[in-house]
Amino acid sequence: MEKPFNKILVANRGEIAVRIISAARELGISVATIYSSADREALHVKLADEAYEIGPPEPLKSYLAMDKIVDLALKIKAEAIHPGYGFLSENPRFAEIVEKNNLVFIGPSAKTLSLVGDKIAAKRTAKAVGVKGIPGTLKPVDSIEDGLNVAEQIGYPVMLKPAGGGGGIGMKIVRSPQEFPSAFEVSQREATAAFGDPRIYIEKCLENPRHIEIQILADIHGKVVYLGERECSIQRRHQKLIEESPSPIMNQELRERMGKAAIKVAKATKYRNAGTVEFLYKNGDFYFMEVNARLQVEHGVTELVTGIDIVKQQIMLSAGQELEMEQDDIEIRGWAIEARINCEDPTGGFAPSPGKILMYHEPGGPGVRVDSGVYEGYDIPRHYDPLISKVIVWGLTREEAIARMRRALSEYIIVGDGVKTNIPFHMFVFNDKEFIRGIYDTSYLSGKQDEIISYLSELERKHAFIAAYTLYKKNLMAVKTIKPSIENIPENMWWKYSGLVSLVKPWYKK
Amino acid sequence: MSPEKGKRFKFELNGTTYIIEIKGNDIKLLPDKSTSKIDLVKEFEDGFIIKTSGKHHNIKIDRIIDDKIILSIDGYYHVAHIEEAVLTGGETGIDISKNIIVAPLSGKVTKIYVAAGQAVNKGERIIAIESMKMENIISSPKNAKVKEIRVGEGSTVSKGDILVILE
């Protein structure tokens, strides 16, 4: 098969940029990438064939600088741009500029991006093809009075949602008419600030649903297939943390119904390339929520259970190649689970904790895949997402996948200067009975969080004791002054350090 | 004789700072009142097996990078960093001044480079102590004269012992 392009430009960073480079390499395509000045030592820069500094650390001046990126692509004769996820991946204006410059945007068309980016328009489109959305309005609410009427009709509790964007921003749960007016005002303010669009629509608030999404692929001829589902209910503040495929509550009949619904929505929005249709599931019913018109963070679990490389498919489909597979060819085999590894401090309010990685060892072995953007010696910059890597496991059964994840997490070493990760947090979940039984919904983490954090705090304290004892016993307490220069030590402190000017390190020295 | 005071250390583990007080095998995490007792079950060159609160733990020191120590406790890896060693005055029983050179660790005196009455410059070698196949050479903190040498070559010393007095 002819290779789709000679050269593509990856307009992203971190683990996803590395992922796209891998896919391009396998297709024999040369790959260029961009980086901000904070990312000079980033892994994606080291792995790309060509790398170009695009601006200062602030995303607006670098990873979001549309014109700079397109100009660069033209200059280096890249034929296509892969936007990754986040950043410009769902920006219709960017897709338009790319298309206007006769470059290929690896994703859906600008028109589709506009349509599905407007959450109300997307819902209308779904409804028009018979795909039921969450009960609610299909037009924005005009006023508080209008809103109160609508909410009354739908029945409390209701969810106020901005039409202009997602990610949990501006979303408010309202449980009674008394709460409505102020919630509405706040929601509008937040929506305007984040999306420049004050439109709010109202949906029934489904209590503790499960979040199940369907991966789709579509070619330029309008042929669409679905690649099974992903269960993404383990979320913290609407941010996904653990995803799995298949979903523990899925059966073949439900999968077909949801898959067909996803295809209908894709066709109605003239979808091309890879995308995800998100649903909320409760008590046997599923409701259309929105379309994610991009490659998703959690795409790897689908790749492991279907054997299909979604990023390679994206590249080939965007070059105009036809979708070769038929729906019947797509099989779900085994079980895959992903744990997102963030550099954050769970016992410190999940504050981001970037820093220099002093020791790094990735797990491997059977059924373990790690998509990482970091390495030993790398200084994690503070300007971006705390997601540093993903551990994705596969097993023949869900039990095996969970056992593999426990093993992989226990073998994953990430230690650094002030760097903390959520690996111990994940360990707790993968040992938790409820998770192991597959009985959970989107309320799982908010219910467990306190328990997990108090467990982790106890563990930290215990380890602090033990570490202190160890250092003291091995006479390492004074290691600080191993550096021989006496000048470093202030005069009035000298009496403390008088014995420690030069130390010859034995086996510790590597 | 004042009651035995613990040694206090301020150290950082994975970015969190702790103040620890150690007295023999008892460790206290200040400002808590409770103490933990740690029993050494087995010692290796690069770590131990210890028992505390009824549980065994396996500790290994992996490496030292500058002033950071990477160690693992039951397979969990940590980075420790010493902020300062706060030696309480009660330990040596003497008013500590910068003229007194104490043993930074327990070991054996292998070499004494100076004699009483000798003038030394800042940075010149005074004494060497060997411990765990590791040699510590202590140099003079300032331009001074050696007033008194309290140990001899071959002496076994404990951490905190006075070795040499300057003036």
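What share of the 167 residues in chain B is buried? I looked this up first: buried residues make up 43% of chain B. Buried here means under 20% relative accessible area, exposed means over 50%, and partly exposed is in between, using a 1.4 Å probe and protein chains only.

**Ground rules.** I am reading a predicted model, where local features need pLDDT of at least 70, side-chain atom pairs count only at pLDDT 80 or more, and totals for chains, interfaces and linings use all residues. Residues are numbered from 1 along each chain as its sequence is written, chains are lettered from A and ligands numbered from 1 in the order in which they are written, and side-chain values use heavy atoms, with hydrogens and water left out.

**Confidence.** I checked pLDDT, the predictor's confidence in each residue, from 0 to 100. Chain B averages 77, and 84% of the residues score at least 70. Within chain B, strand β9 (residues 76–86) has the lowest confidence, at a mean of 70, while β12(B) has the highest, at 92. Over residues 84–97 of chain B, pLDDT stays under 50. Where pLDDT is low, the predicted coordinates should not be read in detail. For the complex, I noted an ipTM of 0.72 and a pTM of 0.80 from the predictor.

**Strands in chain B.** I found 0 helices and 17 strands in chain B. Helices (H or I, at least four residues) and strands (E, at least two) are DSSP runs, numbered from the N terminus. Two strands pair if DSSP finds at least two bridges between them. I followed an open sheet of 4 strands, ordered β10-β17-β15-β12 in chain B, with antiparallel pairing. Its edge strands, β10 (100–102) and β12 (119–120), each pair on one side only. Between β10(B) and β17 (residues 162–166) of chain B I see 3 bridges, and Ile101(B) has Val164(B) as its bridge partner.

**Two helices in chain A.** How do α4 and α5 of chain A pack? Their angle is about 175 degrees and their axes are 8 Å apart; axes are lines fitted to C-alpha atoms, for helices over the stretch in contact, and angles run from 0 to 180 degrees between N-to-C directions. α4(A) and α5(A) are therefore roughly antiparallel to each other; angles under 35 degrees count as roughly parallel, over 145 as roughly antiparallel, 65 to 115 as roughly perpendicular and the rest as oblique.

I counted 7 of the 8 residues of helix α10 (residues 299–306) of chain A as buried, so α10(A) is largely enclosed by the rest of the structure. Just after α10(A), Gly307(A) has a positive phi of about 80 degrees. Strand β19 (residues 387–395) of chain A is mostly covered too, with 9 of its 9 residues buried. I traced 8 antiparallel bridges between β14 (residues 335–342) and β19 of chain A, where Glu338(A) partners Ile392(A). Strand β18 (residues 368–372) of chain A also pairs with β19(A), over 5 bridges in the antiparallel sense, and Asp371(A) stands opposite Lys390(A).

Which residues does a cis peptide bond join? I found Tyr156(A) and Pro157(A), with omega about 0 degrees; Pro157(A) is in the loop between α7 (144–154) and β6 (158–162) of chain A. Ser245(A) to Pro246(A) is also cis, with omega near 0 degrees. His238(A) has a positive phi near 65 degrees and is partly exposed, at 48% relative accessible area. Asp74(B) has a positive phi near 55 degrees and counts as partly exposed at 36%.

Notes:
Contact = heavy atoms within 4.5 Å.
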